[in-house]
Amino acid sequence: MSQVTTLAIRGMTCGNCVKHVEAALRAVSGVTAVVVALPGTATVTHTGDRAALVAAVEHAGYATA
């Protein structure tokens with residue numbers, strides 16, 4: 001069953017940051033849709049665990065709130 005999770009992301013400052021976070025989140029198993037926007041939000045439709053999304057964002061070099 002799909003769920004929608006919104007993450008607050010700290011450290012994004014430009015369009016390249018947005019693309020980097022989008023790519024990291026799309027690579028997570030179970031993710032079906034991603035929308036990332038400045039100043040720092042990501043809305044993700046997924047079937048997996050929220051912790052995997054947070055780990056992907058952190059691995060990309062950003063922090064979640």
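Buried denotes under 20% relative accessible area, exposed over 50%, and partly exposed the range in between (1.4 Å probe, protein chains only). The structure is a predicted model, in which local features need pLDDT of at least 70 and side-chain atom pairs count only at pLDDT 80 or more, while totals for chains, interfaces and linings use all residues. Residues are numbered from 1 along each chain as its sequence is written, and side-chain values use heavy atoms, with hydrogens and water left out.

View 1. Helices (H or I, at least four residues) and strands (E, at least two) are DSSP runs, numbered from the N terminus. In H2, the buried residues are Leu 53, Val 54, Ala 56 and Val 57. These buried residues line one face of the helix, because they fall within an arc of 160° when seen down the axis of H2; the arc is that of the directions from the helix axis to the C-beta atoms. The elements covering the buried residues of H2 include S1, H1, S2, S3 and S4, where contact means heavy atoms within 4.5 Å. Gly 61, with a positive phi near 105°, follows H2.

**View 2. Arg 50 in helix H2.** Arg 50 counts as partly exposed, at 39% relative accessibility. Leaving aside neighbours within four places in sequence, Arg 50 is in contact with Thr 5, Leu 7 and Ala 65. Between Arg 50 and Thr 6 the C-alpha to C-alpha distance is 9.6 Å, and the two are 44 residues apart in sequence.

**View 3. Strand S1 and its pairing with S3 and S4.** Two strands pair if DSSP finds at least two bridges between them. Six bridges link S1 (residues 3-10) with S3 (residues 41-46) in the antiparallel sense; Val 44 in S3 is the bridge partner of Thr 5. S1 and S4 also run antiparallel, joined by two bridges, and here Ile 9 stands opposite Thr 64 in S4.

**View 4. Thr 64 in strand S4 (residues 63-64).** Thr 64 is buried, its relative accessible area being 16%. Apart from neighbours within four places in sequence, Thr 64 is in contact with Ala 8, Arg 10, Val 54, Val 57 and Glu 58.

**View 5. The largest nonpolar core.** A nonpolar core is a set of buried Ala, Val, Leu, Ile, Met, Phe, Trp, Tyr and Cys residues joined through side-chain atoms within 4.5 Å. The largest such core has 20 residues, and those with the most contacts inside it are Ile 9, Met 12, Val 21, Leu 25, Val 36 and Tyr 62. Beyond neighbours within four places in sequence, Ile 9 is in contact with Val 21, Pro 39, Gly 40, Ala 42, Val 57, Tyr 62 and Ala 63. In soluble globular proteins, nonpolar side chains tend to be buried together.

**View 6. Cys 14 and Cys 17.** The structure holds zero disulfides, a disulfide being a pair of cysteine sulfur atoms within 2.5 Å. For Cys 14, which is in no disulfide, the nearest cysteine sulfur is that of Cys 17, 3.6 Å away. Cys 17 is likewise in no disulfide. Cys 14 counts as partly exposed at 30% relative accessibility, whereas Cys 17 is buried, with a relative accessible area of 9%.
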